[in-house]
Amino acid sequence: MGHSNSPLPTACVIGAGSSGIAAAKALHARGIAFDCIERSDRVGGNWVFGNVNGMSAAYRSLHINTSRQRMEFSDFPMPTSYPDFPHHTQIARYFDDYVNHFGFRDRILFETGVEHAERGDDGVWNVELSTGERRRYDALLVANGHHWDPRWPEPAYPGEFAGAQIHAHQYVDNTDLRDRNVLVVGMGNSAMDIAVESSFVAARTVISSRRGAYILPKYLFGRPLDQVGVNALTTRLPWAVRQARLATMYRIGVGKPEDFGLPAPDHRLGEAHPTISADFLNRLAHGEVIYRPEISALHGDRVRFVDGSSEPVDVIVWCTGYKVTFPFFDEQFISAPDNDLPLFRRVFRPGIDNVFFIGLLQPLGAIMPLAEAQGRWVAAYLRGEYRLPPRPDMEADMRRERERMHKRYVASKRHTMQVDFDAYLLDLARERKAGAQRAQQAGHRLPVTPRAAVPAGAAA
Ligand SMILES: Cc1cc2nc3c(=O)[nH]c(=O)nc-3n(C[C@H](O)[C@H](O)[C@H](O)COP(=O)(O)OP(=O)(O)OC[C@H]3O[C@@H](n4cnc5c(N)ncnc54)[C@H](O)[C@@H]3O)c2cc1C
Ligand SMILES: NC(=O)c1ccc[n+]([C@@H]2O[C@H](COP(=O)([O-])OP(=O)(O)OC[C@H]3O[C@@H](n4cnc5c(N)ncnc54)[C@H](OP(=O)(O)O)[C@@H]3O)[C@@H](O)[C@H]2O)c1
């Protein structure tokens, strides 16, 4: 571990995906000694197609759906030669270049998994690695990703299905869908991409969902949608105002979902995680994708839907989302039942002063710049430059955030950690300023005492 003479706490970062490297870079820049433990042989996590960690959901054709200008780190722009929505190979290369540029590759322990992480009575984290080695750290940054553990329908639909079934996580390309009758389930971004790809080779492509969605285009008025947002979506205007603007733009630019044979959504625009596709409505309009409502039952080689219709189906692709899991924690210690893990501003867990979650949020906009801001925040905290508010204040803040989110978003396991990109960054900057004052009043005392270097048992 670097900086071993440092009087600061030592840290362990779990994962070197885009969130882990953003946090690692912040620790590196602020002189905090850390190890970043990565199961794969490279950085980039989800963006490494065919990643040897077996955890990537990337398919052969995957492009980002948040524009590169929204996704890039603030101090390391993506090459201007990149398109607005680069391919996964370009994104993976960008993350690799980021690590080289900031020079902390030697702090990443590749091909090593964190099997178990336990907080001892002295507060020190005991981390057990896949190599059998155990290491001690003062702080733990969790950046293990939240799109790798497939969620299959719960409960399963009744009946038996005779054909093939895969989850979107296993989907590579449309080769196995050629000339088959394909049923894609879900209305998120995986369902969009897979239904479109299927529609070019399958005998028939049907998509089924339990609610409607507003399919957003990648561009509006000639600009990537998430950049048009600077005026309409992302400012500090009240949500009701932004929502009304967005709805008007959508009505004028796209129309109504019903115009394309989709059901009227049971919510207003902006009340679900955005489903973005430049191609899906087109394939519906061409009759190459057929919409059906929710499944009612599976019947051998047919699937029945709640409107009484049925379809012959050879392959089902379940695009039903992901579970948030931390296999290295004891479940009763930290877990996210139904994807729900309440955190102070999506990072701090009140009551445990030395565990931090990075990138565990779903923004309207990309995750990376938010993970970057979170990493810097944690680094400032570990250096005693930021002090948390009292626990009751944090808990009140978390309750307010949750109420706001539950009021706005459709009740679903996919809406447990939604944030607005710009509002999140602005609120965080404000909170950091308040916390810097509190830290000053506390004489910049370290909130996490460096103990890990002391052999276990001798710390007290
Ligand atoms: C198909 C798809 C497309 C997406 N497109 C976009 C997009 O366009 N824009 C966007 O902002 N987001 C997108 N996302 C969201 C995605 O979560 C982020 O892009 C990004 O991958 C999050 O990075 P991460 O580092 O948090 O997680 P990951 O990329 O999943 O990386 C986690 C890393 O942690 C490592 N790890 C996990 N557990 C352990 C362990 N126990 N020990 C050691 N290492 C471990 C893994 O090996 C991996 O390298 C997409 C998600 C999917 C599934
Ligand atoms: N860059 C890209 O182009 C791209 C591509 C794919 C994915 N992604 C990202 O990856 C993440 C995951 O996306 P995702 O589409 O895989 O998952 P998701 O956003 O969680 O969507 C899951 C979909 O499945 C539905 N669903 C869940 N359980 C169901 C059930 N039992 N029966 C019927 N429907 C069910 C959900 O409906 P409800 O709304 O009713 O819950 C929702 O429509 C998102 O952040 C997404 O933006 C990006």
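Hi everyone, and thanks for coming. One thing before we start: this is a predicted model, so please keep that in mind as we go.

Let's begin with the sheets. As a reminder, strands of a sheet pair through backbone hydrogen bonds, either parallel or antiparallel. We have an example of each sense here.

The parallel example is an open sheet of five strands, and its order is S10-S21-S11-S12-S17. Which strands stand at the edges? They are S10, residues 164–167, and S17, residues 289–292. Each has a single partner strand, so one side of each is left without a neighbour in the sheet. From one strand to the next, the twist averages 20 degrees. If you look at S10 and its partner S21, residues 315–318, you'll find four bridges joining them, and His167 sits opposite Trp318 of S21. There is also a helix packing on this sheet: H4, residues 189–199, touches S11, S12, S17 and S21. The direction of H4 makes about 165 degrees with that of S12.

Now the antiparallel example. Three strands, in the order S4-S5-S6, make up an open sheet. Here the edges are S4, at 114–119, and S6, at 134–137, and each of them pairs on one side only. The twist again has an average of 20 degrees from one strand to the next. S5, residues 125–129, pairs with S6 over four bridges, and Trp125 stands opposite Tyr137 in S6. Hold on to Trp125, please; we'll meet that residue again.

On to the helices. We describe two packed helices by the angle between their axes and the distance between the axes. For H1, residues 18–29, and H8, residues 368–382, the axes come within 8 Å and cross at roughly 35 degrees. That crossing is right-handed. What does the contact consist of? Its residues divide into eight nonpolar, three polar and three charged. On the H1 side you can pick out Ala22, Ala23 and Leu27, among others, and the H8 side includes Met368, Gly375 and Leu382.

Most residues other than glycine have a negative phi, and most peptide bonds are trans. Where is the cis peptide bond? It joins Glu154 and Pro155, with omega about -5 degrees, and Pro155 lies in the loop between S8 and S9. As for positive phi, Arg345 has a value near 50 degrees and Arg346 one near 65 degrees. Arg345 lies in the loop between S22 and S23, and Arg346 is found in that loop too. Are these arginines buried or exposed? Arg345 is buried at 17% relative accessible area, and Arg346 counts as buried at 9%.

Finally, the aromatics. Why does the pair tie together parts 204 residues apart in sequence? Because Trp125 belongs to S5, while Phe329 is in the loop between S22 and S23. Trp125 is buried, with 0% relative accessible area, and Phe329 counts as buried at 5%. There is an aromatic cluster as well, with Phe73, Phe76, Tyr94, Phe95, Tyr98, Phe102 and Phe104 as its members.

Notes: Residues are numbered from 1 along each chain as its sequence is written. Chains are lettered from A and ligands numbered from 1 in the order in which they are written. This is a predicted model: local features need pLDDT of at least 70, side-chain atom pairs count only at pLDDT 80 or more; totals for chains, interfaces and linings use all residues. Side-chain values use heavy atoms; hydrogens and water are left out. Two strands pair if DSSP finds at least two bridges between them. Helices (H or I, at least four residues) and strands (E, at least two) are DSSP runs, numbered from the N terminus. Axes are lines fitted to C-alpha atoms, for helices over the stretch in contact, and angles run from 0 to 180 degrees between N-to-C directions. A crossing is left-handed if the near helix is turned anticlockwise from the far one by less than a right angle, and right-handed if clockwise. Contact means heavy atoms within 4.5 Å. Ala, Val, Leu, Ile, Met, Phe, Trp, Tyr, Cys and Pro count as nonpolar, Asp, Glu, Lys and Arg as charged, and the others, Gly among them, as polar. Buried means under 20% relative accessible area, exposed over 50%, partly exposed in between (1.4 Å probe, protein chains only). Rings of Phe, Tyr and Trp (its six-membered ring) pair if their centres lie within 6.5 Å; planes under 30 degrees apart count as stacked, over 60 as edge-to-face and the rest as tilted.
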